[in-house]
Amino acid sequence: MGWLSVMWSHLKEKGVVLPKITAEEISKKVEPVLREMERVGVMIDASILEGLEDKLETRISKLETKVHRLAGREFNINSPLQLAEVLFRDLRLPSTDLKRTKTGVSTAAGELLKLKSRHPIIEPILEYRELAKLVSTYLKPLPRMVDADSRIHTTYGQETSTGRITSANPNLQNIPIKGEYGPEIRRAFVAAPGCKLVAGDYSQIELRIVACLAQDKTMMAAFAGGEDIHAQTASEIFNVPLNRVTSDQRRVAKTVNFGVLYGMSAYGLAQALGISREQAADYIKRYFEIHEGIKKYCHDVIAKVAKDKYTETLFGFRRSFENFNRYNHNLVEAEERMAINAPVQGTAAEILKLAMVELIKKLKEVPHPNPLPADRARESARLILTVHDEIVVEVPARSAEEMARLVKETMESVVKLCVPLKAEVGIGRNWAETK
DNA sequence: ACAATGGTCC
DNA sequence: ACTCGGACCATTGTA
């Protein structure tokens, strides 16, 4: 099989240069890196989390009272069953347009949002849910998990269908970042005294990968020219000059680009954008007219899976699709979407793993015969986190700038695709500051 | 102990 | 009728 898998072997004539290594070997090499990251852990300022918890508990308590008052009785807001009972039986809110679950009407946030203008109880319920989630999943558990050095230690895994890395006990890959309190929570992830955090994250790595795998000329040109890819897409599907793209058009285009990675259906896009299926189908039609490479890629992947029952990443990681040909139309389409996504997500994971392997080598090597302070610092720089397209390193404060350049350079050069890879780096006293 | 529901991240 | 890719985890409620 060799280092460049059969499916993608034509890409080496298109400027793709990869290290001569298989997916299996990448997994094996990253394994000790992951074990080291687990051992080192990440420092937590528990007082920040506890302070925030107190603040949110107070607010939650008030929201609870308010919801109960508006409902006319006390009930468990955390129970979707009881909540549905209150909303649709007691308060007689219309459930016609809402999704159903096996047990009844869905009370998911997206569904409740549709009722926002119908009753004042919806808003406090949504806020209650948001805050209760943060407290129960992050603010309460994390401080209890710190060791004597105030550090928490996750467990990384590689047993996923696409080749991505997982994090569990605790999961450090779903720490909030959005919303009012996301950055607040990330402020609790700190560098040890005298250190800084350096975070590098790949910019649109999956879109760059699909542009390359699909040899999509339009998208390759956009990335080569350093364009704002979402604005570029907007310009194409709305047929307006790049400098005339509105923020709303860009938002739509961003969702379309996102949809490409997931094998978008008109239904899925319509739901994501809150538009009609017809309108969504029109966007997709426009998109595929311009992006013939992407269209062909989707077709080729589906044809391959129908024939071989598996997909393959750039480094040859296979995901098997044994249930591909079934009579259930929805099931088949779901499998098709997974098949389109698997090589992209999987290749991104491989590139990140390779970057981590390279980075840890460079952090440990002693580059100069006459040791300068920054070089000794290099030995004490340590990988501490990885979140799918991001790597976080804890480094001595005085070498932060040098380490930031090293992280960026390593991430960008670990493979050569037919489009440039771009990594953005940030330095901070805590995780929030690195953005 | 387990399924269902909902929610956080990339 | 159609419910976009990949994970982990808290809570409720039943077995």
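# Close-up views of a predicted protein–DNA model

**View 1. Of the atoms of DNA strand C within 4 Å of the protein, sugar or phosphate accounts for 71%, and bases account for the rest.** The model is a predicted one, in which local features need pLDDT of at least 70 and side-chain atom pairs count only at pLDDT 80 or more, while totals for chains, interfaces and linings use all residues; side-chain values use heavy atoms, with hydrogens and water left out. Residues are numbered from 1 along each chain as its sequence is written, and chains are lettered from A and ligands numbered from 1 in the order in which they are written. DNA strand C is surrounded by 34 residues, of which the closest are Ser 79, Lys 99, Asn 169, Arg 319 and Arg 337. A residue counts as near a molecule or strand if one of its heavy atoms lies within 4 Å of it. The surface near DNA strand C comprises 7 nonpolar, 22 polar and 5 charged residues. Here Ala, Val, Leu, Ile, Met, Phe, Trp, Tyr, Cys and Pro count as nonpolar, Asp, Glu, Lys and Arg as charged, and the others, Gly among them, as polar.

**View 2. Phosphate oxygens of DNA strand C meet side chains and backbone.** For Ser 79, an N or O atom in the side chain lies 2.5 Å from a phosphate oxygen. Asn 169 uses a polar backbone atom, at 2.6 Å from a phosphate oxygen. A polar contact is a pair of N or O atoms within 3.5 Å. At least two residues of the surface near DNA strand C come from each of H5, strand E6 (166-168), helix H12 (266-273) and helix H15 (329-364). Helices (H or I, at least four residues) and strands (E, at least two) are DSSP runs, numbered from the N terminus.

**View 3. DNA strand B has 22 residues around it, and Thr 107, Arg 129, Asn 174, Ile 177 and Asp 389 come nearest.** Of the atoms of DNA strand B within 4 Å of the protein, 80% are in sugar or phosphate and the rest in bases. Thr 103 places a polar side-chain atom 2.9 Å from a phosphate oxygen of DNA strand B. The surface near DNA strand B divides into 8 nonpolar, 7 polar and 7 charged residues.

**View 4. Four strands form an open sheet in the order E11-E12-E8-E13, with antiparallel pairing.** Strands E11 (382-386) and E13 (423-428) are at the edges with a single partner strand each, so one side of each has no neighbour in the sheet. On average, neighbouring strands of this sheet are turned by 25 degrees against each other, direction ignored; axes are lines fitted to C-alpha atoms, and angles run from 0 to 180 degrees between N-to-C directions. E11 and strand E12 (residues 390-396) run antiparallel and are joined by 4 bridges, two strands being paired if DSSP finds at least two bridges between them. Arg 382 stands opposite Glu 394 in E12.

**View 5. Met 145 lies in the loop between helix H6 (141-144) and strand E4 (151-152).** Its relative accessible area is 34%, which means that Met 145 is partly exposed. Buried means under 20% relative accessible area, exposed over 50%, and partly exposed in between (1.4 Å probe, protein chains only). The C-alpha atom of Met 145 is 9.0 Å from that of Asn 169, although the two residues are 24 residues apart along the chain.

Methods: A polar contact is a pair of N or O atoms within 3.5 Å; within protein, one must be able to donate a hydrogen and the other to accept it, and residues adjacent in sequence count only if both atoms are side-chain atoms.
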